[in-house]
Amino acid sequence: MKKLTLSAMLLTLLCSVLPAVFAQEPAAAPAPADAASAPAQPPDIICFESRKGASEVTKRDLKPGWPNVKCSSKTGAVLWWGDPFDGTVSMGDMPLLGHIPKGNAVVKPRSEKLAILPLCGVACHNGLVPPTLPKTKKPVPIPTMEGLVPELKNLQHGRERIWCLDCHHTNQRNKLVDNFGDPVSIDQPQLLCGKCHGDKLRDWRDGIHGKRIGEWVSTGKKRWFTCTECHNPHNVQDGARNRGFIQIAPESPPQLPKGMKDAKHELEHAVAH
Amino acid sequence: MEKIINFSADYARYVIKGGTKFYTWIGFLGLLAMGALYAFYLQNTEGLIVTGMTSQIHDGLYFANLVFLVGVAAGAVTIVFPAYVYHHKAMHEVTVLGEMLAISAVIMVMLFVFAHMGRPDRLWHMVPLIGIFNLPGSMLAWDVLALTGYLVLNFICGFYYLYTKYSGTKVNNSYFMPLVYISIVWALSIHTVTAFLISTMPSRPMWHHSMMPIRFIATAFAAGPCLIILAFMVIRNNTKMWIQDSAINLLATIVTWCLGLALFLTMSEIVVELYARTEHANGLYYLMFGLNGLTSLVPWFWSSLVFMLVAFVMFLIPSVRSNYKLLPIACVLAFAGIWIEKGMGLIVPGFIPTPIGEVTEYYPTIIEVVMSLGNWAIGFLILTVLLKGAIGILVGDIKMPGSAAAGASQ
Amino acid sequence: MLSASSLMGAAALMTQTDEPKATTEWAEHFQKNYRLMTDEEKAESRDRLERRYSAQYGKQVTVDTTPALPGVLMGYALNIRKCIGCRRCVKACVAENNQSRGEEPGQRIEWIQVLKMERGEFSPDKMEHGYPEGLGIQVGGNAYAPAGQVLEGQYHYEPEAVPEKDSTYMPIACMQCEKPPCVKVCPVRTTYREADGPVVIDYNWCIGCRMCMGACPYWARRINLTTPILPKEEMNPVTHYLGNRPRMRGVVEKCHWCLQRTRQGRYPACVEVCPVGARKFGNLLDPQSEVSLILARKNVFRLKAELNTFPKFFYFYD
């Protein structure tokens with residue numbers, strides 16, 4: 001009997017051990033090693049940071065295995081920045097932001113995106129007030145302008161109470177303008193936008209409105225997203241329901257849990273009627 | 001020490017011998033138990049994804065069985081209490097059988113805990129001193145303490161008593177009786193703590209009410225004795241031991257009262273929740289009528305209600321209750337009804353919807369069913385072995401060589 | 001029986017597989033709860049993990065063990081007027097935090113869930129619904145129709161573009177409560193609130209009992225039902241022990257405010273990606289941080305505040 005008890009105990013121990021033994025085995029590594037490295041250069045992955053068409057970024061490796069951005073395969077939006085300050089310059093002086101240590105407020109210069117911006121200053125307007133400046137203050141459709149900025153055909157900002165030269169400098173067309181007629185850099189649109197949208201400017205300066213990435217400490221280094229990086233100033237009313245932000249494609253929904261064939265039941269209402 | 005080894009050896013030797021019926025039963029249980037081992041292996045390699053549990057509904061068949069079986073274990077007190085506090089003679093003769101049931105039920109609970117855990121290989125983290133045992137904060141820690149204590153108590157009380165019978169000595173009441181009284185109170189507390197485990201979470205409005213512990217105790221004291229009655233019938237028909245009618249009748253009476261109380265509490269819950277029909281009642285509504293068109297548990301609820309009502313009526317009528325041909329049917333109905341209502345019918349709807357409103361459903365997988373059946377089989381295997389040996393000692397078949405027959409003492 | 005089986009299992013493992021990997025897994029199996037470790041033990045654990053992860057993912061993985069920052073109480077604010085339901089926060093979190101991702105149900109974990117709520121409408125043809133006049137039971141009318149803000153949320157919405165007309169969106173993840181119900185119920189004290197705010201989990205100590213998942217009123221926690229599926233290319237090698245280091249089968253995980261970033265001073269991934277700037281993060285003890293300014297200036301509320309969980313995740317609107 002003792003032998004039997006002993007062997008029974010051993011059997012039980014073994015049976016309890018077996019699962020633990022196999023349990024520790026790591027799962028087979030997913031994704032077998034890719035055959036050869038890509039034979040040809042794969043096409044560049046380009047995604048947009050905030051506004052499609054205005055904030056494109058090309059994915060590249062900052063360090064091996066550490067990209068500058070990770071892009072969404074579904075919508076083409078940037079999901080993640082490897083280095084938040086990649087490609088940024090100092091914001092320059094901003095009123096009431098003096099408490100931020102120098103160099104800690106950086107922006108991505110928009111001037112670099114507007115490839116023809118330098119031309120705007122010299123090509124057609126050459127520093128002079130054009131003699132054909134319309135007295136009616138309504139924009140005159142010019143094929144070149146329309147080709148560059150299509151939404152100008154129907155400027156949607158201020159419900160027809162503002163026009164081009166309210167924001168753009170009269171003869172330095174690569175600059176914006178303030179109330180004194182002085183030029184404002186196109187990389188500092190907040191100085192202009194804040195004229196009318198002061199409450200937004202205040203919130204933006206405090207970090208409540210808009211977006212900043214980088215260090216969370218209040219005096220830390222942050223890349224500030226300027227107004228035009230998110231809002232298209234020529235067409236803010238598109239999607240009036242979105243308060244100036246155009247509708248975008250959403251990312252994919254969560255995975256359906258086991259036991260659910262679909263999510264149609266979500267469209268029914270729980271309370272009986 | 002040598003005496004204990006001899007006792008165990010004699011016990012084991014006796015248990016192993018049996019007729020064809022016995023071996024078929026053991027064989028069948030053994031087969032199911034193998035299934036549980038295989039399922040356990042799968043869960044420890046592939047993970048809980050082989051079950052139907054999700055992050056939304058993360059307690060399923062295992063937890064349901066676990067909760068139900070704690071109740072069955074607590075139900076053993078329905079024998080111990082009358083036997084020792086009221087000196088019910090017929091119950092006194094069979095107390096130790098109740099303790100054996102408690103032991104097997106608690107072991108089943110522990111098996112289901114192992115099945116339920118995400119990392120059973122890390123359960124040593126709960127052992128005090130080498131791990132961290134979060135008292136007094138964690139209800140699960142209290143539950144573990146209560147269950148382990150109950151197992152130990154029943155083990156000591158049951159086997160001490162059997163040993164005295166085996167060796168023909170008298171029970172030392174100055175040690176034994178305090179333990180018995182403690183085990184009576186402890187039985188109530190194991191199930192209360194299990195109820196507290198789920199009723200102390202305001203995130204789960206279906207469970208978050210003070211009625212939960214009393215409901216647990218009532219259903220436990222209905223389901224436990226039902227199982228005991230069935231076991232007693234089997235013992236009467238298959239062994240030398242004769243269990244007196246008065247013991248079975250007392251158990252049936254207890255079932256009647258407790259089943260009635262359980263049904264009353266169910267009615268109370270339905271009225272309170274559905275009168276105002278707030279969002280807190282969504283879980284119960286899912287169980288009873290379905291939610292958002294998802295109705296998989298509705299037939300289960302209503303059949304459990306029917307079972308319990310029919311069983312209650314059967315138990316209520318004295319002529320049916322004392323008819324030992326009909327009594328087992330009532331017991332099976334009550335047991336099944338309570339299993340459904342307390343197991344799947346309580347645990348799963350608690351997670352539907354999630355605290356932030358997502359409605360999903362849960363379907364146990366084959367592996368889960370295999371594991372559950374296997375755990376029940378292991379429990380019944382242990383129960384069979386323990387009962388057989390206990391009965392052998394009680395009728396005098398196993399005794400220490402050279403001692404007086406068991407019937408002579410106490 | 002438990003430790004014996006683990007011992008034997010680990011021993012068998014050592015003879016089966018690659019030596020260094022096996023030794024690290026053995027030692028990892030028997031390590032203490034993170035909070036009880038001495039600095040040397042922590043460093044040793046970190047080295048072990050770095051070696052294991054680097055071997056497993058084929059890149060140089062770092063496991064940071066920076067402790068709680070002094071003078072900091074992390075806080076979070078989300079502007080629900082701005083959220084457009086684009087779910088980029090969900091995906092950015094996944095890009096940063098090494099969650100399991102796979103096609104089988106239960107293999108994909110996302111810590112943030114975005115709830116879409118529709119605005120129903122009052123309609124004249126519902127006016128006569130319910131019990132007729134005169135019976136004294138005032139039920140009926142538009143009570144049975146969705147009207148105003150409908151509380152029943154949808155999670156699996158997939159329109160062409162967001163925000164949809166007449167829908168509002170609310171993302172929900174761990175609220176990092178000051179009085180977390182999940183911490184209270186943990187039987188092994190593996191989940192706890194760090195001194196600088198976030199509620200964390202020591203993944204190596206978690207036994208997978210899922211009590212915390214039951215206790216959380218915000219459904220913030222997820223269980224790894226299987227060994228996580230994490231392709232090497234997608235693995236983020238900059239990790240924190242209590243943060244985004246790759247988890248294992250059977251343990252619970254949740255948002256931890258990107259500890260690997262926030263302890264080094266950087267915004268969490270969800271904050272950085274939100275295209276409408278709805279998410280704000282900062283130090284609640286610093287009156288100049290955007291979160292403190294929001295609390296001072298805006299209309300702020302917390303979800304399920306009546307449960308006395310004291311979340312540090314605030315919702316506001318302006």
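Okay, ground rules. It's a predicted model, so local features need pLDDT of at least 70 and side-chain atom pairs count only at pLDDT 80 or more, while totals for chains, interfaces and linings use all residues. Residues are numbered from 1 along each chain as its sequence is written, with chains lettered from A and ligands numbered from 1 in the order in which they are written.

Let's start with chain C. There's an open sheet of four strands, ordered S10-S2-S12-S11, with mixed pairing. Two strands pair if DSSP finds at least two bridges between them. S10 (279-283) and S11 (299-301) of chain C sit at the edges with a single partner strand each, so each has one side without a neighbour in the sheet. From one strand to the next, the twist averages 30 degrees.

Lying across S2 (74-79), S10, S11 and S12 of chain C is helix H9 (residues 290-297), at about 105 degrees to S10(C). Those angles are between N-to-C directions, from 0 to 180 degrees, with axes fitted to C-alpha atoms, for helices over the stretch in contact.

Now domains, whose bounds come from an automatic or database assignment. Chain C has domain 1 (74-112 + 173-317) and domain 2 (115-128 + 140-171), with C-alpha centres 27 Å apart. Nine residues of domain 1 and eight of domain 2 of chain C make the contact, where contact means C-beta atoms, placed from the backbone, within 7 Å.

On to the cores. A nonpolar core is a set of buried Ala, Val, Leu, Ile, Met, Phe, Trp, Tyr and Cys residues joined through C-beta atoms within 7 Å; buried means 20 or more other C-beta atoms within 10 Å of a residue's own, again placed from the backbone. The largest has 237 residues, and B:Ala73, B:Ala222, B:Leu259 and B:Ala334 have the most contacts inside it. Helix H5 (residues 89-116) of chain B gives the largest share, 17 residues. Leaving out residues up to four places away in sequence, B:Ala334 touches several others, including B:Ala222, B:Cys226 and B:Leu259. Apart from that core lies another of eight residues, among them A:Cys167 and A:Leu192.

Conventions. Helix = DSSP H or I, 4+ residues; strand = E, 2+ residues; numbered from the N terminus. Contact = placed C-beta atoms within 7 Å. Buried ≥ 20, exposed ≤ 12 C-beta atoms within 10 Å, placed from the backbone.
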